[in-house]
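Thanks for coming. I will go through a few local features of one model, a residue or a helix at a time. Please look at the sequence and structure first.

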Amino acid sequence: MTDRPNGLTYAQAGVDIDAGDALVEAIKPLAKATRRPGADASLGGFGALFDLKAAGFEDPLLVTTTDGVGTKLKVAIESGRHDTVGIDLVAMCVNDLLAQGAEPLLFLDYYATGKLEVEVAKRVVAGIAEGCRQAGAALVGGETAEMPGMYGEGDYDLAGFSVGAVERGAVLPRLEDQREGDILIGLGSSGPHSNGYSLIRRIVERSGLRWEAPAPFETGKSLGAALMAPTRIYVKSLLPLLKTGLVKGGAHITGGGLIENPPRCIAPGLAAEFDWNSWTLPPVFAWLQEMGGVADHELRRTFNCGVGFLIIVAPENAEPVLAALLNAGETAFICGQLAKG
């Protein structure tokens, strides 16, 4: 091939291959730190291998999930807080795996931007690695896409992909085992998690507050910092309970809130009957409701309202399950029961 002195380069088109290579080298130690049995979490190949036998499974089913963090990214970008959205990304995927009774094994990410800023991307991926550490999943790869003209200056987007496994006889929900009177136990959230941020941003706009302003609902934090609290990952506290067989169903409370998510894990003919007075609405949701004039039903179908994950247990197992969750460091509480219809 002959050199063309006036030829264009990929860098002149807006894609910096050297920056991408620098990012890969920077995040290799982060991925390596997430190694677990079955995966060595090395980067650089075209695909990642996982050894289910080495992970201790005998007759497993694979479970896959994918998600993003929505317009919470706008808060991260506008407030300059990039360190925890990676935790959110992992949480949104691995908590969904828990709802099927599955143990998270692998995680991959997709990071897309108009112009790659290596330091920002590294902070984001460091958060992803931390989320994987909390979930016990190996960060085995991902994709960084630099696409000039697709995103505004400073903008980026994230998507996450996770694979888990569950033994064939332990898949949740166990609809055939559910009965009227079964107990609903809520696991406390750390805030809005990663849902409802389009509404949150409108409410913040109405309030006239900047991200650097003191949070009206949390002492000692800025509004941006408080609203960027990362999604809670429930794997280490909940997975041991799932393996006991005491849990009949579980719901990760994401978009659709406490109205639309619980039915996904409840048998036909039964419904979640919440005791809305059994827990205190966290201050962030009380502020959002008051400042936005949000009706109760709208609040409950948009936000988790303090319940990040919901499980179903038999009445006789409610107290030991609750005690185990509290001992594991969760804020957990009985919040209702299954009723007919």
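I start with tyrosine 151, which is partly exposed because its relative accessible area is 25%; buried means under 20% relative accessible area, exposed over 50%, and partly exposed in between, with a 1.4 Å probe and protein chains only. This is a predicted model, in which local features need pLDDT of at least 70 and side-chain atom pairs count only at pLDDT 80 or more, while totals for chains, interfaces and linings use all residues. Residues are numbered from 1 along each chain as its sequence is written, and side-chain values use heavy atoms, with hydrogens and water left out.

Tyrosine 151 sits in the loop that runs between β3 (138-146) and β4 (156-167). Helices (H or I, at least four residues) and strands (E, at least two) are DSSP runs, numbered from the N terminus. Which residues does tyrosine 151 contact, leaving aside its neighbours within four places in sequence? They are Ala112, Thr113, Gly114 and Asp157, where contact means heavy atoms within 4.5 Å. Threonine 113 is 38 residues away along the chain, yet the two C-alpha atoms are separated by 6.1 Å.

Next, helix α4, residues 118-135. Its 18 residues should span 26 Å at 1.5 Å a residue, and the end C-alpha atoms are 25 Å apart, which agrees; the expected span is 1.5 Å times one less than the number of residues. Buried residues in α4 include Val120, Val124, Ile128 and Cys132. Among the elements covering the buried residues of α4 are α1 (17-32), α3 (85-99), β2 (103-113) and α7 (235-242). After α4 comes glycine 136, with a positive phi near 70°.

Now arginine 174, in the loop between β4 and β5 (183-188). Is arginine 174 buried or exposed? It counts as buried, because its relative accessibility is 18%. Its side chain reaches the backbone oxygen of valine 247 at 2.8 Å. Leaving aside neighbours within four places in sequence, arginine 174 contacts Gly245, Val247 and Lys248.

Last, a helix pair. The axes of α5 (residues 197-207) and α9 (residues 283-292) come within 9 Å and cross at roughly 65°; axes are lines fitted to C-alpha atoms, for helices over the stretch in contact, and angles run from 0 to 180 degrees between N-to-C directions. Ile200, Ile203, Val204, Arg206 and Ser207 in α5 meet Trp287, Leu288, Met291 and Gly292 in α9.

Note on methods. Polar contact = N/O pair within 3.5 Å; in protein donor to acceptor, adjacent residues only side chain to side chain.
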